[in-house]
Amino acid sequence: MKIVHAASEFFPYLKTGGLADAVSSLAGTLADRGHEVSVFLPGYRTALEHKDAAGAEKRLSLKIEMGDQFLSGDVRVFSPRKNLKIYLICREEFFDRRAPYGNGERDYEDNSDRFLFFCKGVIETLRLADIQADVVHCHDWQAALLPLLLREAERRHGVTLALKTLFTIHNIAYQGLFPRSVFARTNLPEEINNMDGLEYYEQINFLKGGILFADRVTTVSPRYAKEIQTPEFGCGLDGVVLTRADDIVGLLNGVDTAVWSPGIDALLPARYTAKDIAGKKICRAALLKKAGFDEKYTGPVFGMVCRFAEQKGLDLLLANKAFFQTQECRLIILGSGDKRYETAVAAMAAETPKKIYLCAKHDEAMSHLIEAGSDFFVMPSLFEPCGLNQMYSQLYGTVPIVSRVGGLADTVTDADEKPAAGTGLMCEPTDGSLRDALGRALKLFADAPRMSAVQQRGMARDFSWNVAAEGYENLYRDSL
Ligand code: ADP
Ligand code: GLC
């Protein structure tokens, strides 16, 4: 099949979170399975500076209609592996910035224009380069208007650009909500500018467009597919999701084992496998050293890696500060984002620098070292569409402590509830329940044979992308 993906992140060209890993490994797996895959991304600075893009050809010049203006741009193309082509939709004014969505305090004011330009750029490229796609698969709000804009472009030009469209919700909390005036920039017919279209309480909602107008809608775990149909998790769009209830499928993400396998991980000081786990001790010592702790420390090490956003349960972590400060353990956190959390977590670490360490940046190597060197991985998310770190943790022999939501509930089994099958510890997303799980972690750590059994079961799990890729293939075929 000829499959087009459009997304705002793609590892290793631009990554703020799991979207980058998920889109990259799905596209790569589909390419390996023999499909002709084209991935469209905004021409971010980090993508253009990546070595893979060094020989990128400037293929097309674009003139994109935005309201009553035309904005110019161009398209660069390169191929990092067989059957896979990357198309960067470039316009310096929009994408040559230090960060993709905002300056850390606020989102960029022109985000609606930036991602509208991106979507329209994808469509114009499909048209000019005559890429006759079987399926256009769009991800998250940044690409959510594509299905609608695509059908409108086909109508205007009297052509077929793609047979079917598929939209994946990686996170319903990010919707691309903009003032109503943005509608004029879409050049869509006025009949879409209402409650049954893009309007959402006097604003324009990009994500809603994807949910309503794609031929198929998916999300990234079975449990999240159900959750987003309820007010508790739907972030105001549960009613819209319910209108597509018959079409929504939850396909669990996988793990790109070429990047995330302790046996071959080039970012680690030592490699290890379930059979020979000695290298994990070396990683542990290196991690402790990096955090400024005694590398011979023998107590439990808790690790955490995440975007600093409310979603990740940082408030629950902070509410359990006393646990980490008084119990015999170490806590090592990697993360950045919301300044409120950066300040609060930094303050907690500053109070007990001998026990808690914060690395406040995006650091790919450090994220691997934490997965490998910790004994427990803390992930008390308030909601989690899929979550990747809890899967990485299991493969790295690091016991995940997760809340029972979304993809976390679909991928972790509690070791106290199911002693013969457990791979982690689960809690409810509340302070007290997390406190209880942390206490159970100390007990598990003190019981070496049981700890080892839990680790071994986690390392034996198969999270390979082939399962998900097959699920998407079936959906593509089915919709065609
Ligand atoms: P989300 O997509 O909601 O951020 P996931 O668990 O799906 O959550 O994926 C997060 C990904 O981003 C993981 O690969 C994780 O290692 C990575 N990540 C998050 N924060 C950082 C950071 N500060 N440095 C490096 N990698 C990070
Ligand atoms: C989103 C979600 C996360 C998911 C990732 C990849 O960022 O927050 O749970 O794993 O997308 O699908």
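Figure 1. The ligand is surrounded by 14 residues, of which His170, Asn253, Glu384, Cys386 and Gly387 are the closest; a residue is near a molecule if one of its heavy atoms lies within 4 Å of it. Oxygen atoms of ligand 2 take part in polar contacts with a side-chain atom of Glu384 at 2.5 Å, with an N or O atom in the side chain of Asn253 at 2.8 Å, and with a polar side-chain atom of Asn171 at 3.2 Å. The protein buries 94% of the 310 Å² that ligand 2 exposes when taken alone. Accessible areas come from the Shrake-Rupley method with a 1.4 Å probe, and for residues only the protein chains shown count as cover. A polar contact is a pair of N or O atoms within 3.5 Å; within protein, one must be able to donate a hydrogen and the other to accept it, and residues adjacent in sequence count only if both atoms are side-chain atoms.

**Figure 2. Ligand 2 and the two domains.** The chain is divided into domain 1 (2-254 + 465-479) and domain 2 (278-459), with bounds from an automatic or database domain assignment. Both domains give residues to the shell around ligand 2, so the ligand lies between them. Helix H1 gives the most to this shell, with three residues. Helices (H or I, at least four residues) and strands (E, at least two) are DSSP runs, numbered from the N terminus. The C-alpha centres of domain 1 and domain 2 lie 32 Å apart, and 22 residues of domain 1 are in contact with 22 residues of domain 2, where contact means heavy atoms within 4.5 Å.

**Figure 3. The surroundings of ligand 1.** Among the 22 residues around ligand 1, Gly18, Arg307, Lys312, Lys361 and Leu388 come nearest. The side chain of Arg307 has an N or O atom 2.7 Å from an oxygen atom of ligand 1, and the side chain of Lys312 likewise has an N or O atom 2.7 Å from an oxygen atom of the ligand. A nitrogen atom of ligand 1 is 2.9 Å from a backbone N or O atom of Asp363. On its own, ligand 1 has 560 Å² of accessible area, and the protein covers 94% of this. Two or more residues of the shell come from each of helix H1 (18-32), strand E13 (301-308), strand E14 (330-337) and helix H15 (389-395). The shell comprises seven nonpolar, eight polar and seven charged residues, and at least three residues are drawn from each of domain 1 and domain 2.

**Figure 4. The enclosed helix H14.** Helix H14 (residues 364-373) is largely enclosed by the rest of the structure, because eight of its ten residues are buried. Buried means under 20% relative accessible area, exposed over 50%, and partly exposed in between (1.4 Å probe, protein chains only). The buried residues are Met366, Ser367, His368, Leu369, Ile370, Glu371, Ala372 and Gly373. Their cover includes helix H10 (278-290), E13, E14, strand E15 (356-359), strand E16 (376-379) and H15. At the start of H14, a side-chain oxygen of Asp363 comes within 3.2 Å of the backbone nitrogen of Ala365.

**Figure 5. Thr398 in the loop between H15 and E17.** Thr398 occupies the loop between H15 and strand E17 (399-403) and is buried, with a relative accessible area of 1%. Its side chain reaches the backbone oxygen of Glu371 at 2.6 Å, and a polar atom of the Thr398 side chain lies 3.1 Å from the backbone oxygen of Ser374. Beyond neighbours within four places in sequence, the contacts of Thr398 include Lys280, Phe376, Phe377 and Ser393.

**Figure 6. Gln394 in helix H15.** Gln394 is placed in helix H15 and counts as buried at 1% relative accessibility. The side chain of Gln394 reaches the backbone oxygen of Thr411 at 3.1 Å. Gln394 and Thr423 are 29 residues apart in sequence and 7.0 Å apart in space, C-alpha to C-alpha.

**Conventions.** Residues are numbered from 1 along each chain as its sequence is written, while chains are lettered from A and ligands numbered from 1 in the order in which they are written. For this predicted model, local features need pLDDT of at least 70, side-chain atom pairs count only at pLDDT 80 or more, and totals for chains, interfaces and linings use all residues; side-chain values use heavy atoms, with hydrogens and water left out.

Methods
Nonpolar A, V, L, I, M, F, W, Y, C, P; charged D, E, K, R; others polar.
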